[in-house]
Amino acid sequence: MILVGRVVGAFGVRGEVKVESFTDPLHALLRYQPWTLRDERGGERTVAGVTGRQTPKGIVARFPEVDDRDQAEALRGLELWAPRSVLPPPAPGEYYWVDLEGLRVLTIDGIELGRVSYLFNTGANDVLVVQGERERMLPFIEPGVITAVDFDQGTITVDWDPEF
């Protein structure tokens with residue numbers, strides 16, 4: 001399962017919700033159903049048939065059987081998870097962040113820096129957060145900083161000074 005979005009609140013009075021999409025492009029989120037809805041306590045349920053649209057302020061969605069603002073507000077905070085099988089395969093040179101998490105990060109000289117803990121986007125580029133003897137933040141710039149991603153070996157090779 002892959003985290004593809006999160007409900008951030010109600011939108012209007014007719015049961016629609018604002019959704020934070022983690023997909024690129026943002027509206028692709030609506031194609032990756034069914035979703036498993038997960039709450040903060042770990043409770044889960046599956047939903048399909050969610051419709052929606054992209055607005056200048058983000059994605060607005062309508063869940064089946066949610067007809068008013070109170071019901072929509074009750075969905076706030078739910079994570080939207082999709083089965084990997086509904087996602088398209090990444091293009092050559094592209095990666096799903098979830099596939100990079102946990103990979104070992106090595107310098108071009110073979111020095112291990114740690115493992116990818118998570119990634120985030122700065123607007124300019126994606127950033128790998130690497131946990132080892134200390135935390136490092138490496139820009140995901142390919143080519144340049146990232147010289148190789150090898151899923152068979154479970155490694156990412158980087159051109160990075162281990163003292164930095």
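This is a predicted model: local features need pLDDT of at least 70, side-chain atom pairs count only at pLDDT 80 or more; totals for chains, interfaces and linings use all residues.
Tutor: A salt bridge is a side-chain nitrogen of Lys or Arg within 4 Å of a carboxyl oxygen of Asp or Glu.

Student: How exposed are Arg104 and Glu112?

Tutor: Arg104 counts as partly exposed because its relative accessibility is 25%. Glu112, at 39%, is also partly exposed.

Student: How many salt bridges does the rule give?

Tutor: The count is 10. The general idea is that side chains of opposite charge can pair when their charged atoms come close. One case is Glu20 with Arg6, where the closest N and O atoms are 3.6 Å apart. Glu20 belongs to strand 2 and Arg6 to strand 1 (residues 2–11), so this bridge ties together parts 14 residues apart in sequence. Glu20 is partly exposed, at 36% relative accessible area, and Arg6 is partly exposed at 26%.

Student: What is the distance between the closest N and O atoms of Arg38 and Glu44?

Tutor: They are 2.7 Å apart, and the two residues form a salt bridge. Arg38 has 22% relative accessibility and so counts as partly exposed. Glu44 is partly exposed as well, with 49%.

Student: Which residues make up the patch of negative charge on the surface?

Tutor: Such a patch takes residues that have over 30% relative accessible area and no salt bridge, with like charges joined within 9 Å. In this structure Glu65, Asp67, Asp68 and Asp70 gather in one. Asp70 sits in helix 1 (residues 69–73) and is exposed, with 65% relative accessibility. Glu65 is placed in the loop between strand 6 (58–62) and helix 1, and at 74% Glu65 counts as exposed.

Student: What is phi of Glu65?

Tutor: Phi is near 65° for Glu65, which is a positive value in a residue other than glycine.

Student: Is Ser21 buried or exposed?

Tutor: Buried means under 20% relative accessible area. Ser21 has 12%, so it is buried. Ser21 is part of strand 2 (residues 16–21).

Student: Which side chain does the side chain of Ser21 contact?

Tutor: A polar contact is a pair of N or O atoms within 3.5 Å. The side chain of Ser21 makes one with the side chain of Thr23, at 2.8 Å. A polar atom of the Ser21 side chain also lies 2.8 Å from the backbone oxygen of Leu26.

Student: Where are the cis peptide bonds to look at in this chain?

Tutor: Read omega for each pair. Asp24 and Pro25 are joined by a cis peptide bond with omega about 0°, and Pro25 is in the loop between strand 2 and strand 3 (35–38). Glu142 and Pro143 are also joined by a cis peptide bond, with omega about -10°. Pro143 is in the loop between strand 11 (135–139) and strand 12 (146–150).

Student: What separates the C-alpha atoms of Asp159 and Thr147?

Tutor: Compare the spacing in sequence with the spacing in the model. Asp159 and Thr147 are 12 residues apart along the chain, and their C-alpha atoms are separated by 6.6 Å. Asp159 is in the segment after strand 13 (155–158) and counts as partly exposed, at 43% relative accessibility.

Note on methods: Residues are numbered from 1 along each chain as its sequence is written. Side-chain values use heavy atoms; hydrogens and water are left out. Patches are made of residues with over 30% relative accessible area and no salt bridge: like charges are joined within 9 Å, nonpolar side chains (Val, Leu, Ile, Met, Phe, Trp, Tyr) within 5 Å. Accessible areas come from the Shrake-Rupley method with a 1.4 Å probe; for residues, only the protein chains shown count as cover. Lys and Arg count as positive and Asp and Glu as negative; His and the chain ends are not counted. The place of a charge is taken as NZ of Lys, CZ of Arg, CG of Asp or CD of Glu. Helices (H or I, at least four residues) and strands (E, at least two) are DSSP runs, numbered from the N terminus. Buried means under 20% relative accessible area, exposed over 50%, partly exposed in between (1.4 Å probe, protein chains only). A polar contact is a pair of N or O atoms within 3.5 Å; within protein, one must be able to donate a hydrogen and the other to accept it, and residues adjacent in sequence count only if both atoms are side-chain atoms.
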